[in-house]
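Colleague: I have not looked at this one before. Can you take me through it?
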Amino acid sequence: MRMIKTFILSGAALAMISGAIVPHAQAKTVKVHMKAVETDVVIDNKGTKYPAWTYDGGIPGQVVRVKQGDTVDFTLDNPASNKNSHSIDFHAAEVDVLNEFAAVRPGHSKHFVFTAKRAGVYMYHCGANPMVQHIARGMYGVIIVDPKTYSKAYPKPDREYVLIQSQYFPDADNYSAMLENKGWTNSLINGKIFNYDPVHDPNATKVLMAKPGERVRIFFVNANVNMPVAFHPIAGIWDRVYVNGNPKNVLYDVQTYGVPVAAASTFDIVSPSDHATNNAIVDHTMSAALRGAITVLMNRPDADPKLGKGDNILLR
Ligand SMILES: [Cu+2]
């Protein structure tokens, strides 16, 4: 009896302690709101405009981030000012394609709830007809479902960045060309050609930064409509690749990892700690790399301390 009492007491004490020291141990409900916006956006570093379809007016849409077990309470508004129906398809949701993911007509809204049961990094996108055009014109983003805790297999990184790649079709109305994979002229990274590459585009002003030796974690989404990605860090080696972003699916010491269309994975890179270096993170598929899919990661002691931290992981 005495032993049972002690056991119960220590159980309660443990629960209290673990509640205090393990952040986000309890599942939450996270409200997410998006608005479909048909608008011109700038798709390169010199200001070229493109008639995009977007979530909330930008490409890509907002980063949605929850913990494994959290519930997402989601609303999509499609204002009456839009010409087209739009929808959302969260790859992290296990629901009914004909219900939750159904198209929403202009002037209507859609609300649904799902629980993010499986840790990982997932694409979301518009699935309204014709889907190829809704994705190619910019309606995509990422939902990160963090595992409940960090671990030896999935250590806490020093910096985090989101990179989402897509194909750019300047002829925005020609969806049959998109289906045939014809007429794409460039690759976009987070919505812009050579977004973070001042080496190949003198108009580029942004790069990713870290300090030498830091563990940099990249959440990568292939939002191309037809092209797989050969994801490679030039002058580096992926220390770990988490397939689909799940800590259970870990690969070590990988040069290039293939990311199919509509897939996402998580990539850790650790640069030499004793001197400054640079990496060029590319889709090694030449038709993509040389037309926009190169991102510079600078590893230097004076790296901007704000980059790759907190909400600053998708650099706009
Ligand atoms: Cu759409």
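Modeller: What follows goes from the domains to a strand and then to some backbone details.

Modeller: Keep in mind that this is a predicted model.

Colleague: Fine. Which domains does the assignment give for the chain?

Modeller: Domain 1 covers 29-146 and domain 2 covers 159-299. Taken over C-alpha atoms, their centres are separated by 21 Å.

Colleague: And how many residues does the contact take from each domain?

Modeller: Domain 1 puts in 28 residues and domain 2 puts in 31 residues.

Colleague: Which elements give two or more residues on the domain 1 side?

Modeller: On the side that touches domain 2, they are strand S2 (49-55), strand S7 (120-125), helix H2 (131-136) and strand S8 (140-146). S7 gives the most to that side, with 5 residues.

Colleague: What does that side have by class?

Modeller: The side of domain 1 that touches domain 2 has 18 nonpolar, 6 polar and 4 charged residues.

Colleague: Which strand does S9 pair with in the parallel sense?

Modeller: That is strand S12 (residues 215-222), and the pairing with S9 has 7 bridges.

Colleague: What about the antiparallel sense?

Modeller: There S9 pairs with strand S10 (residues 186-189) over 4 bridges. Gln165 has Ile189 in S10 as its bridge partner.

Colleague: Where is Asn174 found?

Modeller: Asn174 sits in the loop between S9 and helix H3 (175-179).

Colleague: Why does Asn174 count as partly exposed?

Modeller: Asn174 has 15 other C-beta atoms within 10 Å, so it is partly exposed. The cut-offs are 20 or more for buried and 12 or fewer for exposed, with partly exposed in between.

Colleague: And how far is Asn174 from Trp184?

Modeller: The two residues are 10 residues apart along the chain, and their C-alpha atoms are separated by 11 Å.

Colleague: Changing topic to the backbone. Which residues does the cis peptide bond with omega of about -10° join?

Modeller: That bond joins Ile59 and Pro60. Pro60 has its place in the loop between S2 and strand S3 (64-67). The peptide bond from Asn129 to Pro130 is also cis, with omega near -10°. Pro130 lies in the loop between S7 and H2.

Colleague: Now phi. What is the phi of Asp56?

Modeller: Asp56 has a positive phi of about 65°, although it is not a glycine. Asp56 is in the loop between S2 and S3.

Colleague: Is Asp56 buried or partly exposed?

Modeller: Asp56 counts as partly exposed, because it has 15 C-beta neighbours inside 10 Å.

Colleague: And what is the phi of Asn190?

Modeller: Asn190 has a positive phi of about 50° and is not a glycine. Asn190 lies in the loop between S10 and strand S11 (208-210).

Colleague: Is Asn190 buried or exposed?

Modeller: Asn190 has 21 other C-beta atoms within 10 Å, so it is buried.

How values were computed
Residues numbered from 1 in each chain as written. Predicted model: local features only at pLDDT ≥ 70, side-chain atom pairs only at ≥ 80, totals over all residues. Pairing = 2+ DSSP bridges. Domains from an automatic or database assignment. Contact = placed C-beta atoms within 7 Å. Nonpolar A, V, L, I, M, F, W, Y, C, P; charged D, E, K, R; others polar.
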